[in-house]
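Hi there,

Here is the structure I promised to pass on to you. Have a look at it first, and then read my notes below.

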Amino acid sequence: MNKRCENCHQSFEPEPGFYFGAMFISYAFNTALFITAWVLLKIFYPDYSLTTLLVTISLAAILALPIIFRLSRSIWIAIFIPYKKKSEPSKNQSAV
Ligand SMILES: [Zn+2]
């Protein structure tokens, strides 16, 4: 992950542990994913065993991990830092 936005130079880590809260968004996405996987398994393979269910859910979680990880962080930073369409290189731009 870049340290700053290339366009507006907004820091992507405003403070240490900033993305801790993204865990809650990730939790919501994973819950939706688990329910979806379970419903699909129930529809297409009604006689599933517990092992099949656990393997299916684990596989879905592992495959969706890179997407959910980034999406959660994007949503979390978007909650706290408003999107600016036009770049304003004054206050946020660092000298380095
Ligand atoms: Zn930006």
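Leaving aside residues up to four places away in sequence, Ile 25 touches Ser 72, Ile 75, Trp 76 and Ile 79. Please keep in mind that this is a predicted model. You will find Ile 25 in helix α1, which covers residues 22–44.

Is Ile 25 buried or exposed? Its relative accessible area is 15%, and buried means under 20%, so Ile 25 counts as buried.

Next, the pockets. What is the volume of the largest pocket? It comes to about 230 Å³. Its lining is made up of Cys 5, Asn 7, Cys 8, Gln 10, Phe 12, Ile 77, Ala 78, Ile 81, Pro 82, Tyr 83 and Lys 84. Sorted by class, the lining residues of the largest pocket are eight nonpolar, two polar and one charged.

The second largest pocket holds about 190 Å³ of space. Around it you can pick out Met 1, Phe 12, Tyr 19, Phe 69, Arg 70, Arg 73, Ser 74 and Ile 77. Here the classes are five nonpolar, one polar and two charged.

Happy exploring!

Methods. Residues numbered from 1 in each chain as written. Predicted model: local features only at pLDDT ≥ 70, side-chain atom pairs only at ≥ 80, totals over all residues. Heavy atoms only, no water. Helix = DSSP H or I, 4+ residues; strand = E, 2+ residues; numbered from the N terminus. Buried < 20%, exposed > 50% of the residue type's maximum accessible area, 1.4 Å probe, protein only. Contact = heavy atoms within 4.5 Å. 1 Å grid on protein atoms, 1.4 Å probe; cavity = no way out; pocket = protein on both sides within 12 Å on 5 of 7 lines; lining within 4 Å. Points joined across faces, edges and corners; volume = space filled by probe spheres on them. Nonpolar A, V, L, I, M, F, W, Y, C, P; charged D, E, K, R; others polar.
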